[in-house]
Amino acid sequence: MNQQKLNVMSIFGTRPEATKMAPLVLALETCPQIASTVAITAQHRDLLDPVLSLFGITPDFDLNIMQKKQTLTSIATRALEGLERVFSEARPDLVLVHGDTSTAFIGALAAYYAKIPVGHVEAGLRTYDRYSPFPEEMNRRLIAPIAELHFSPTPAAAANLQTEHCDGKVYITGNTAIDTVHMLAKDDHVFRVPFLNDPALDGKKLVFMTAHRRENYGEPLYNIARAVRTLVERFDDLVVVWPMHPSPTVRAVATEILGDCERVILCDPLLVDDSINLIRKSYLVLTDSGGLQEEAPSLGKPVLVLRAETERPEAVDAGTVSLIGSDKQTIIDAVTELLTNRSVYDRMSRAVNPYGDGLASERIVSAILHHFGLGSAPAEFCPRG
């Protein structure tokens, strides 16, 4: 270990990772006992850079691996080789990876090859279906036996790791995603995209929507888009904002089915502060994303999840999230109920958010110091309710 400061390297490569790791990186940078470094793979270059700029994070190492038509194999091999060189130069005492991306798994594997301890942020999420979500479920399950420190967002996630008899220490910290929400949600936020500032939207029921999971490609995605079209045709006060993933598959379906719908706004991905504040402005969230299942409840918004299963069952148990799958009529019925039944809406919107209190990054820094004998263990996050 560095005799003066603990050298902690954070590795990420996608927008969701950067969004959730940013508050932790900022917390590491302010800790006098830690020398914080950042290495990015840039697995998703165009989506990653705006997040780095927003939070003022300048990477110490940039592998810039993104290529056109990249595959999971090409991502893995380029990241593994690049991180080998980074570790040889930087010699970190601890490597932090986040969640379930290819960058996270390869970051953990590369650190293991270099005999560097790994800390896994957002550890323990499971569906126990190796192909759903793909490849995320297997990525996070493969990180678990490598990691020496597991930073679980909830007691249920920690229990999964204990059931699997994972080596290392498990800390229940809350999710850093909620730290990000606390940092960026503001009453006076001005959107970069002009149409989102239009006062005419204030009288509408906004639905914030995302759909991009590989398991929804094909007929499920068509069903989702067709359901949205039916809903906006049925409810005159409904406006759906769909920031589209760059995936050509997603954009082709969205444009084909919804491109001529006046009250469906298809746009490019929003920066994270715009996204969080648009959720604040919305009536409900319709998504197959994982992160939105955490963020929206902290803002009091019901979430309808376009998947048959979730690695985040806590919000389902709490009542703020409902799994509805990708069947067209089921989607129509679920959204209609929230639009027309106030008691059902209120029950979901007022449910307790089980994912965090805005202090996850602080707990993780304390846990790292404790692991290396530099401080006391943090008090665990305990969801209310």
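The model shown in every view is predicted.

**Figure 1. A salt bridge joins Arg 251 and Asp 268.** The two side chains approach each other to 2.9 Å, counted from N to O. Arg 251 lies in helix H9 (residues 248-258), whereas Asp 268 belongs to the loop between strand E10 (264-267) and helix H10 (272-281). The partners are 17 residues apart, and the pair links distant parts of the chain. Elsewhere, salt bridges that share partners join a set of residues into one network, which includes Lys 20, Asp 100, Glu 122, Arg 213 and Glu 294. Further members of this network are Glu 136, Glu 137, Arg 140, Arg 141, Arg 307, Glu 311 and Arg 312.

**Figure 2. Glu 122 and Lys 20 form a salt bridge.** The structure holds 26 salt bridges. In the pair shown here, the closest N and O atoms of Glu 122 and Lys 20 are 2.7 Å apart. In general terms, side chains of opposite charge can pair when their charged atoms come close.

**Figure 3. Asp 49 and Arg 45 form a salt bridge in helix H2.** The distance from N to O in this bridge is 2.8 Å. Because Asp 49 and Arg 45 are four residues apart in helix H2 (residues 45-55), about one helical turn separates them. Asp 49 counts as partly exposed, at 32% relative accessibility. Arg 45, at 16%, falls under the limit of 20% and therefore counts as buried.

**Figure 4. Helices H3 and H4 pack against each other.** The axes of helix H3 (residues 72-90) and helix H4 (residues 102-113) are 9 Å apart, and the angle between the helices is about 40 degrees. H3 and H4 are therefore oblique to each other, and their crossing is right-handed. On the side of H3, the contact is made by Leu 72, Ile 75, Ala 76, Ala 79, Leu 80, Leu 83 and Phe 87. On the side of H4, the contact is made by Ser 102, Ile 106, Gly 107, Leu 109, Ala 110, Ala 111 and Tyr 113. Grouped by class, the residues of this contact comprise 12 nonpolar, two polar and no charged ones.

**Figure 5. Helices H13 and H14 cross at roughly 95 degrees.** The axes of helix H13 (residues 328-340) and helix H14 (residues 342-349) come within 5 Å. The two helices are therefore roughly perpendicular to each other. H13 contributes Glu 337, Leu 338 and Thr 340 to the contact, and H14 contributes Arg 342, Val 344, Tyr 345 and Met 348. The contact of H13 with H14 contains four nonpolar residues, one polar residue and two charged residues.

**Figure 6. Helix H10 is mostly covered.** Of its 10 residues, eight are buried. The buried residues of H10 are Val 272, Asp 273, Asp 274, Ser 275, Ile 276, Asn 277, Leu 278 and Ile 279. Arg 280 is also placed in helix H10, but it is partly exposed, with a relative accessible area of 30%. Apart from its neighbours within four places in sequence, Arg 280 is in contact with Ala 185, Lys 186, Asp 187, Leu 299 and Lys 301. The C-alpha atoms of Arg 280 and Thr 310 are 23 Å apart in space, and these residues are 30 residues apart in sequence.

**Figure 7. Arg 91 lies in the loop between H3 and strand E4 (94-98).** At 62% relative accessibility, Arg 91 is over the limit of 50% and therefore counts as exposed. When neighbours within four places in sequence are left aside, Arg 91 is in contact with Asn 7 and Val 86. Arg 91 and Ala 76 are 15 residues apart in sequence, and the distance between their C-alpha atoms is 21 Å.

Conventions. Residues numbered from 1 in each chain as written. Predicted model: local features only at pLDDT ≥ 70, side-chain atom pairs only at ≥ 80, totals over all residues. Heavy atoms only, no water. Salt bridge = Lys/Arg side-chain N within 4 Å of Asp/Glu carboxyl O. Buried < 20%, exposed > 50% of the residue type's maximum accessible area, 1.4 Å probe, protein only. Axes fitted to C-alpha atoms, helices over the stretch in contact; angles between N-to-C directions. Parallel < 35°, antiparallel > 145°, perpendicular 65-115°, else oblique. Left-handed = near helix turned anticlockwise from the far one by under 90°. Contact = heavy atoms within 4.5 Å. Nonpolar A, V, L, I, M, F, W, Y, C, P; charged D, E, K, R; others polar.
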